[in-house]
Amino acid sequence: MNSIRRTNSDVSERMGPRSSLFRDAMRRLFRNKLAITGLVIMGTFLLTAIFAPLIAPYDPIKQELIMRRRPPSQEHALGRDDLGRDILSRIIFGARLSLQVGVVSVGFAIVIGAVIGALSGYAGGWVDNIVMRLMDIMLAFPALLLALAIVTILGPGLMNMLYAIGIVSIPAYARIVRASVLSVKEQDYILAARAIGAPPSRILFRNVFPNTLTPLIVQGTLGIGTAILDAAGLSFLGLGAQPPRPEWGAMLGQGRYAVFTAPHIVLFPGMAIMLTVLGFNLLGDGLRDSLDPKLRV
Amino acid sequence: MTRYIIRRLLLLIPVLIGISIVTFAMLRLIPGDPWEVMLGEHATDAAIAELRERMGMDEPLPVQYLRYVESVLRLDLGRSVKTNRPVLQEIGQRLPATVELTLGALLVACVVGIPAGIFAAYRHNSAFDLATMFGSLLGVSMPIFWLGLMLAYIFGFLLKWLPPSARLTIGVEMQTIAEAWGLSTGPTGPSSMRIMTADEFFSGFYVLRAILTGNLTALRDVLSHLVLPSVALGSIPMAVIARMTRSSMLEVLGEDYIRTARAKGQTEKGILLKHALKNAFLPIITVIGLALGTLLGGAILTETIFSWPGLGRLVVDRILSRDYPVVQGCVLIIALIFVVVNLLVDISYAYVDPRIHYE
């Protein structure tokens, strides 16, 4: 942990001499209209999540059964759900859960994936071979199926779903970091660091790791979007967040039987998921274009 | 080429072993006593002991694993706790529905995605191009289960153009393939060994069955049921394929040989399809191959929405009812299909792009 924390300060130290490059990237990012749109969507989502109790007009889990399935009205802008709860308030509180799922599962995957990828790439030889075969095995399962299998083992629930999505995403990050490590490992400055007697851990975290940050940031941003989608899918199937938690996917899952009589119950939570994921995708694409023009598709 | 294929097959062995370990471990990692969980609260000790013995749970783990691999190789995936039928039989009955849905989705994705990508690249920066790009961004951001519900509501319920669920309208009759062709239904072994006949399996492919039995009414009905789930499931690959086709075409259209073709008076259609698309096709095949994972995973969600009796719904139903042997079997079969198809895709690249197997 300590060494990881140290990396952060290293990055800012390293940003010093390269600040023009960094500023360049930021300028490119802010000139990209789509990325700005993504940033705005993400910002709105973030603020909604933080200030949910202040913004939400009603209690998200308070039921009023006589008012069930009421369509949007002046008091309840997005209508009420199957149990008479205010959909707008549930969506606002749902932002917290989706943010939590996205950030925590991707963070978990990045930390573990980066350590695995860095060690594997740096050590090379049989360690690399075994680790990469393990990653291949994980990739031999469709992601959602593997997540489903993990949730089956751990049991349904929000936290277990977080782990499942995190574990499933590990290989992607491990591969990215390994590839970057392999590409810088033979550079002269690494040789120089080794020549002056720097220990491998120092070389890895001070010299090698910062070079893997760009692809990690890009993949991580796009990964949060995917994680939110997968989490919504698992909750939709009843394997993620459990009632009465206002999770967007679970709202869709519980409301789907009402779709023909009260379509507003599924329309709005779905739009919330789509907008949020769109925001992360736009920003991720923008970051890729501005941070690393080579990666542009 | 043969050497490349052999090398790829050898690389498959550790992956297959890994898959078997994962599916084996799945049942053993469930906390508590999974047998008690499976049989419910009111299970007698005798029943639990019998199930444990049937599953060979009292042996050491490595022995259990070897037994598991051996029985998988004998095509014995155990029995369902819920229905007591062989797991392979349950899977065999559901697999054709999933294959049909996946192929339908892939077809929709290619038929819409590739032309949209080509045209967007050809009219670069036009309104059509922007609309395609925006559409593909929405496509990858949209939860397919939500899209499915909305499609079912709009086209199935409001407009009543297409059926919103199931594979076949109740009352539409179809002969099995063997009945229609006057064949025997295939060899039948002793009833305990019997999983299913070839006829039962292939008749599960309704489109194939309707065509082979020459039943036009049924064919129309089956296809109409296939449309909405295929569109929902195909939406993500469609978006990815359109995007990749566009960027790949853009790159190729800037090449000198395209200018040469134009200079010698080749028609625009000829340039696009003969000169450009042919060269732009490799990355497109790559994303089509990658789409398969999305499709198999997405099928789990799509099947749930459209009450599609496929593997995905089987997995979810049995997770919820704690019928773990069936879940284990489904995970194994889906992973195997995924691995084999990925292998075929890889080999087909090597066939299309000679640079790959010379490496």
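Across the interface of chain A and chain B in this predicted model, 5 residue pairs are found in polar contact, with both partners at pLDDT 80 or more. One salt bridge is also found across that interface.

**How the two chains meet**

- Together, chain A and chain B bury about 3800 Å², and 84% of that area is on carbon and sulfur atoms.
- Chain A brings 37 residues to the contact, while chain B brings 43 residues.
- If you want to find the salt bridge, go to A:Asp285 and B:Arg243, where the closest N and O atoms are 2.8 Å apart.
- On the side of chain A that touches chain B, at least two residues each come from α6 (125-139), α7 (143-154), α11 (213-236) and α13 (264-291).
- The helix giving the most to that side of chain A is α13(A), with 12 residues.

**The nonpolar patch on chain A**

- With 3 residues, α3(A) provides the largest share.

**A closer look at A:Phe51**

- A:Phe51 has a relative accessible area of 40%, so it counts as partly exposed.

Technical notes: Residues are numbered from 1 along each chain as its sequence is written. Chains are lettered from A and ligands numbered from 1 in the order in which they are written. This is a predicted model: local features need pLDDT of at least 70, side-chain atom pairs count only at pLDDT 80 or more; totals for chains, interfaces and linings use all residues. Side-chain values use heavy atoms; hydrogens and water are left out. Helices (H or I, at least four residues) and strands (E, at least two) are DSSP runs, numbered from the N terminus. Buried means under 20% relative accessible area, exposed over 50%, partly exposed in between (1.4 Å probe, protein chains only). Contact means heavy atoms within 4.5 Å. Buried area is the accessible area (1.4 Å probe) that two parts lose on being put together, summed over both. A salt bridge is a side-chain nitrogen of Lys or Arg within 4 Å of a carboxyl oxygen of Asp or Glu. A polar contact is a pair of N or O atoms within 3.5 Å; within protein, one must be able to donate a hydrogen and the other to accept it, and residues adjacent in sequence count only if both atoms are side-chain atoms.
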